[in-house]
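Here is a walk through one predicted model. Keep the sequence and the coordinates open as you read.

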Amino acid sequence: MKLSQFKFNLPEELIASRPTEERDECRLMVLNRKTGEISHHIFKEIIDYFNDGDVMVFNDTQVFPALLWGNKEKTGAKIEVFLLRELNAENKFWDVLVEPARKIRIGNKLYFGDDESMVAEVIDNTTSRGRTLRFLYDGPHDEFKKALFALGKTPLPPYIKREPDEKDATDYQCIFADKEGAVVAPAAGLHFSRSLITRLKIKGVKEAFITVHSGLGAFREIDVEDLTKHRMDSEQMEASEELVDTVNAAKDAGHGVCAIGTSVLRAIATADSMGGHMKTYSGWTNKFIFPPYDFSVCSSLVTNFHMPYSTMLMMVAAFGGYDLVMKAYKEAVEQKYRFGCYGDAMLII
């Protein structure tokens, strides 16, 4: 398939800048792959599509406050620093992006906070925008992380054209987030409230967790028309024995397995095994999924409405069928569904 096949007209006013007041009260579009039917609902009605013994697999990654602003030594120039991941806890090395990158060279020091008490030194160039910082902090690692994250803000996606605020710290985090490491929230999971999860459990729907520390690769523009030539950024993931046992038991008993989000769908596809089963996996995945693709484990998918040309849209089209998904997106625009991480949801069955 070609990049140009994933173009559609998305009016900017349909990109949600805030979530619905209640997590589970956004709109829900349901796509039936067998009949081609498209229907419209409220998200909490999703419970009607699942039965006793079915499994929902959530991504339990936790977004950390990755967006910081520092001042360059001597000049005082304001520099945006985006924390990507910690490279070495003992030495406090971090892989970061800096903007404007042209002003930052190896040996420069950056000062953070109103009192400039947090200091970092640039020790390496990794890409045109990327740098390795060494934070100069005397104290235990947990104390350092707490002080560093107190300076940071929630890293909202680039299509949300506003500064993050305190409300985003909870809005842009799933209620079951547990394992720190992501700079991109698993957006499909944001719609699940505690009451909805409780109702699903009462109905007999099982929950299981996979960990995918989603990075900025999801937002990187694809610059090739031939999709076979695109290379995804790697993301750290873990499929535990508990997860694998739960999913495989459900499959053997004839129950459904639902991926809550494209990060989960991709990770399960990375850890799939023979006969529609999963195997344990701990490591990195750079799997790029676009149509056609045979998903052997998952029988359904919950996802948000994604941007044109995005790898997430391509994955959804691979799962739901290209023609049906693109038809649904056209209808979503006509019906004024809200797009992006804070937008509405889609269930593909």
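A residue counts as buried when its relative accessible area is under 20%. With that cut-off, turn to helix H5, residues 262-270. Nine of its nine residues are buried, so H5 is mostly covered. The run of buried residues includes Thr-262, Leu-265 and Arg-266.

Helix H6 spans residues 311-320. Here 10 of the 10 residues are buried, so the rest of the structure largely encloses this helix. Among them are Met-312, Met-315, Val-316 and Phe-319. What do the buried residues of H6 pack against? They pack against H5, strand E16 (300-304), helix H7 (322-334) and strand E17 (345-348). Gly-321 follows H6, and its phi is positive, near 95°.

Now take the two helices together. H5 and H6 pack at an angle of about 65°, and their axes are 10 Å apart. The crossing of H5 past H6 is left-handed. From H5, Thr-262, Leu-265 and Arg-266 meet Met-312, Met-315, Val-316 and Phe-319 of H6. Five of the residues in this contact are nonpolar, one is polar and one is charged.

Next comes the sheet. It is open and has nine strands, in the order E2-E1-E17-E16-E14-E3-E12-E13-E15. The pairing is mixed. Strand E2 (38-42) and strand E15 (281-285) stand at the edges. Each has a single partner strand, so one side of each lacks a neighbour in the sheet. On average, neighbouring strands are turned by 25° against each other, direction ignored. Within the sheet, E3 (residues 55-59) and E14 (residues 257-260) pair in the parallel sense over three bridges. Met-56 has Cys-258 in E14 as its bridge partner.

Phe-135 is buried, at 3% relative accessibility. Phe-144 is buried too, at 0%.

Phe-295 and Phe-319 form an edge-to-face pair, 5.2 Å centre to centre, with 65° between the planes. Phe-295 lies in the loop between E15 and E16, and Phe-319 in helix H6, so the pair ties together parts that are 24 residues apart in sequence. Phe-295 has a relative accessible area of 16% and is therefore buried. Phe-319 is buried at 4%. Phe-319 also belongs to the contact of H6 with H5.

A further group is a cluster. Phe-8, Phe-305, Tyr-329, Tyr-337 and Phe-339 form one aromatic cluster.

Methods
Residues numbered from 1 in each chain as written. Predicted model: local features only at pLDDT ≥ 70, side-chain atom pairs only at ≥ 80, totals over all residues. Heavy atoms only, no water. Buried < 20%, exposed > 50% of the residue type's maximum accessible area, 1.4 Å probe, protein only. Helix = DSSP H or I, 4+ residues; strand = E, 2+ residues; numbered from the N terminus. Pairing = 2+ DSSP bridges. Axes fitted to C-alpha atoms, helices over the stretch in contact; angles between N-to-C directions. Contact = heavy atoms within 4.5 Å. Left-handed = near helix turned anticlockwise from the far one by under 90°. Nonpolar A, V, L, I, M, F, W, Y, C, P; charged D, E, K, R; others polar. Phe/Tyr/Trp six-rings, centres within 6.5 Å; stacked < 30°, edge-to-face > 60°.
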